[in-house]
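Notebook open, structure loaded. I'm jotting down what I looked up, entry by entry.

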Amino acid sequence: RTRMSLYYESSGNGSRNICFVHGFTQTGKSWIGAANTIDNTTSTFIDAPDHGESQGTSLTLQESGDAIAKIAHGMVLIGYSMGARMALHAAIQNPQSMTGLVLVSGTPGIEDDSERAARVQIDDELAQHIESVGTSVFIEEWIRQPLFAESEFGDDEIQDRCRNTAASLASSLRMCGTGQQDPLWSQLHKIEIPVLLIAGSRDTKFTAIATRMHELIPQSTLSILDHAGHNAHLDQPIAFGETVNTWLQGQTHSKQ
């Protein structure tokens, strides 16, 4: 059994405690730039299971949710893509743990059984592909997907992603791919904390998902960022920060 604890780093000394979880192939460092656009924060950056310094810790989505909730206790939890799926598990499985939830390009999972089974197959084939071509070839392929068509990736970011071994990335897909996610749509109405849903306007699939989630989560706010794709917070970090700051200010006022 692998260790359950995940690696994380904290920085800043603001009064708002915010915890960040990155997407597939990234590490906690990918969040630093976008986190700096949020006011008055102490930021905690988690390396997700099988990523960065958490390589060697392989967890299911449920286990990931619990491990993240422990670290993010009393904080606002922000997750992107795979990290958003893990963050959603964290919030549903640990309802009293976090004070707020921000999901960037997140999904509660695939409802249709056959479609979900097909996705498991696709993810397993992709995992095998990563194992055969290696990380650096795969990362180049990954960032050239239509999903990231208009996005720019600097050398530093590509190098950071390449810290992840092929074996770790393959493990992540097999354990935490979208096909492995229990559909959480029927659980969304139970979320009692404030939720901010963010998607990029160019990412029509996840814009539609966010819009539907907004209808189902009681205390939710929907923000679609213009000129942004799937990695909305990296495409438009300033707009991302403004959206989160406005939402956080609203939380403060409503509590008083």
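This is a predicted model: local features need pLDDT of at least 70, side-chain atom pairs count only at pLDDT 80 or more; totals for chains, interfaces and linings use all residues.

Is C19 buried or exposed? I find C19 buried, at a relative accessible area of 0%; buried means under 20% relative accessible area, exposed over 50%, and partly exposed in between, with a 1.4 Å probe and protein chains only.

Residues are numbered from 1 along each chain as its sequence is written, and side-chain values use heavy atoms, with hydrogens and water left out.

**Cysteines.** I searched the whole structure for disulfides and got zero; a disulfide here is a pair of cysteine sulfur atoms within 2.5 Å.

I traced an open sheet of seven strands, ordered β1-β3-β2-β4-β5-β6-β7, with mixed pairing. Two strands pair if DSSP finds at least two bridges between them; strands (E, at least two residues) and helices (H or I, at least four) are DSSP runs numbered from the N terminus. β1 (8-11) and β7 are the edges, each with a single partner strand, so one side of each has no neighbour in the sheet. Neighbouring strands are turned by 15 degrees against each other on average, direction ignored.

**β4 and β5.** Five bridges pair β4 (residues 76-80) with β5 (residues 100-104) in the parallel sense. I looked up V76 and its bridge partner in β5 is G100. Helix α3 (residues 82-93) packs on the sheet, touching β2, β4 and β5, and its direction is about 145 degrees from that of β4. Contact means heavy atoms within 4.5 Å; axes are lines fitted to C-alpha atoms, for helices over the stretch in contact, with angles from 0 to 180 degrees between N-to-C directions. Helix α2 (residues 61-71) lies across β1, β2 (16-21), β3 (41-46) and β4, at about 150 degrees to β3.

**β6 to β7.** β6 (residues 195-200) and β7 (residues 220-225) run parallel, joined by six bridges. G200 has L225 as its bridge partner in β7.

**T207.** I placed T207 in helix α8. T207 is buried, at 17% relative accessible area. Leaving out residues up to four places away in sequence, T207 touches A199, G200, S201 and I224.
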